[in-house]
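Student: I would like to learn how to read a structure I have not seen before. Please take me through some features one at a time.

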Amino acid sequence: MNKIYTIGFTQKTAEEFFNLIEKNKIRKLIDVRLKNNSQLSAFSKYPDIKFFLHRICSAEYFHDKNFAPTEKILNDFKNKVIDWTEYEIEFSMLMRNRNIEKYIAANYLDCTGYCFLCSEPTPENCHRRLIAEKFKKVFADLEIIHL
């Protein structure tokens, strides 16, 4: 069975983060944040993360905004205008409007060793989990592993 990974950088040191990437043989890290220049953790800020991934882990970095929420959805959730259940509904509609399953099938034929990056420390209330689940719908033989 092929594996696809997700990871959040919050509450991880750079050492923990890059060790997880290296240990799990991640070949390509796909940043699914709306903004990849976040100041939350300096090592996760673009372009530094691209350099670190290549230098430390021999992994590629790619920022794919097709998997990112809109500014409105993100802000509504952060500002508690919507809860996680409503966020999931709005994000699912957004993914449907973007024809994300067709996009995945056309652009991610070999997704083995891929890892989705976002900021949340755990996947429960993070859209990276929802994206991984979309990949599983497209490629049924995937195992999702949250780092």
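Student: In which sense do S1 and strand S5 pair, and over how many bridges?

Tutor: Keep in mind that this is a predicted model. S1 and S5 (residues 142-146) pair in the parallel sense, over five bridges. Gly8 has Cys118 in S4 as its bridge partner.

Student: Is S1 largely enclosed or open?

Tutor: S1 is largely enclosed by the rest of the structure, because five of its seven residues are buried.

Student: How do I read the sides of a helix, and which residues of H1 are buried?

Tutor: The general idea is that an α-helix has 3.6 residues a turn, so residues three or four places apart point the same way. In helix H1 (residues 14-23), the buried residues are Phe17, Phe18 and Ile21. Their arc around the axis is only 85 degrees, which puts them on the same side of H1. Glu15 and Lys23, on the other side of H1, are exposed.

Student: What covers the buried residues of H1?

Tutor: The cover includes strands S1 (2-8), S2 (28-31) and S4 (114-118), along with helix H2 (48-57). After H1 comes Lys25, with a positive phi near 55 degrees.

Student: How do I read a nonpolar core, and which residues have the most contacts inside the largest one?

Tutor: In soluble globular proteins, nonpolar side chains tend to be buried together. Here the largest nonpolar core has 25 residues, and Phe67, Phe116 and Phe135 have the most contacts inside it. Two or more residues of this core come from each of helix H4 (84-97), helix H5 (100-107), S4 and helix H6 (127-138). H4 gives the largest share, five residues. Apart from this core lies another, of 17 residues, among them Ile26, Ile49, Leu53 and Cys57.

Student: What does Phe135 touch?

Tutor: Leaving out residues up to four places away in sequence, Phe135 touches Ile4, Phe67, Ile104, Tyr108, Cys111, Phe116 and Leu142.

Student: Where is Lys12, and is Lys12 buried or exposed?

Tutor: Lys12 sits in the loop between S1 and H1. Lys12 is buried yet has no salt bridge. The nearest side chain of opposite charge is Glu16, 7.1 Å away, and a salt bridge needs the charged atoms within 4 Å. Beyond four places in sequence, Lys12 touches Ile7, Phe17, Leu20, Phe43, Pro121 and Leu147.

Definitions and conventions: Residues numbered from 1 in each chain as written. Predicted model: local features only at pLDDT ≥ 70, side-chain atom pairs only at ≥ 80, totals over all residues. Heavy atoms only, no water. Buried < 20%, exposed > 50% of the residue type's maximum accessible area, 1.4 Å probe, protein only. Helix = DSSP H or I, 4+ residues; strand = E, 2+ residues; numbered from the N terminus. Arc of directions from axis to C-beta. Contact = heavy atoms within 4.5 Å. Core = buried A, V, L, I, M, F, W, Y, C linked by side-chain atoms within 4.5 Å. Pairing = 2+ DSSP bridges. Lys, Arg positive; Asp, Glu negative; His and termini not counted.
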